[in-house]
Amino acid sequence: MRDGPQYGLSILDRLKDQAGLDVAEGSIYPLLHRLERAGSIKAEWRLDEEGTRPRKYYVLTASGHRELDAATDEWGRISQALNSFLNRTVDHDRN
């Protein structure tokens, strides 16, 4: 949602295609509802491109953007620390 409004199945498809995660369709919607109740995202109904049916689109709120930025920074720190640890462990095991 950082790049703009997304509907649930498009979020699910991106998680599968771009992140390689096998996320069940039934698990994404409870998460989206929790994020909406927390004020991190807001939802609105829109017609799809063909104008044939409405879809619920989700967009980050200002607080959601701040939370995402903080979580991204934290994930980067954790990932870097774990990679450093694993590299030292592998190097130690080789010697």
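In which strand is the place of Gln6? In this predicted model, Gln6 belongs to strand S1, which covers residues 6-7.

The pairing of S1 with strand S3, residues 54-60, is antiparallel and extends over 2 bridges. Within this pairing, Gln6 has Tyr58 of S3 as its bridge partner, while Tyr7 stands opposite Tyr57 in S3. The pairing of S2 with S3 is likewise described as antiparallel, and it extends over 7 bridges. Here Ala43 has Tyr58 of S3 as its bridge partner, and Ile41 stands opposite Leu60 in S3.

Is Gln6 buried or exposed? Gln6 has a relative accessible area of 16% and is therefore buried, since the term applies to values under 20%. When neighbours within four places in sequence are left aside, Gln6 is in contact with Met1, Ile11, Arg14, Lys56, Tyr57 and Tyr58.

Strands S2 and S3 form a hairpin with 6 residues between the strands. In this hairpin, Gly51 takes a positive phi near 70°. Arg53 also has its place in the loop between S2 and S3. Its relative accessibility is 44%, so Arg53 counts as partly exposed. Not counting residues up to four places away in sequence, Arg53 touches Arg46, Leu47 and Asp48. Arg53 and Val90 are 37 residues apart in sequence, and their C-alpha atoms are 53 Å apart in space.

Attention now turns to the helices. Which residues of H1 are buried? Gly8, Ser10, Ile11 and Leu12 of H1 are buried. The elements that cover the buried residues of H1 include S1, H2 and S3. An α-helix has 3.6 residues a turn, so residues three or four places apart point the same way.

The loop between H1 and H2 contains Leu21. With a relative accessibility of 43%, Leu21 counts as partly exposed. Leu21 touches Leu15 and Lys16, not counting residues up to four places away in sequence. Leu21 and His33 are separated by 12 residues in sequence and by 20 Å in space, C-alpha to C-alpha.

Ser79 has its place in helix H3. Ser79 counts as partly exposed because its relative accessibility is 26%, a value between the limits of 20% and 50%. Between Ser79 and Leu47, the separation is 32 residues in sequence and 39 Å in space, C-alpha to C-alpha.

The final subject is the empty space between the elements. Rolling a probe the size of a water molecule over the atoms shows where empty space is left. The largest pocket of the model has a volume of about 680 Å³. Its lining is made up of 23 residues, of which Met1, Ile11, Leu15, Leu35 and Leu68 lie nearest the centre of the pocket. Ile11 is also one of the buried residues of H1 and one of the contacts of Gln6.

Which helices each supply at least two residues of the lining of the largest pocket? These are H1 (8-17), H2 (25-37) and H3 (62-94). H2 gives the most to this lining, with 5 residues. Classed by residue type, the lining of the largest pocket has 13 nonpolar, 6 polar and 4 charged residues.

Notes
Residues numbered from 1 in each chain as written. Predicted model: local features only at pLDDT ≥ 70, side-chain atom pairs only at ≥ 80, totals over all residues. Heavy atoms only, no water. 1 Å grid on protein atoms, 1.4 Å probe; cavity = no way out; pocket = protein on both sides within 12 Å on 5 of 7 lines; lining within 4 Å. Points joined across faces, edges and corners; volume = space filled by probe spheres on them. Helix = DSSP H or I, 4+ residues; strand = E, 2+ residues; numbered from the N terminus. Nonpolar A, V, L, I, M, F, W, Y, C, P; charged D, E, K, R; others polar. Buried < 20%, exposed > 50% of the residue type's maximum accessible area, 1.4 Å probe, protein only. Contact = heavy atoms within 4.5 Å. Pairing = 2+ DSSP bridges.
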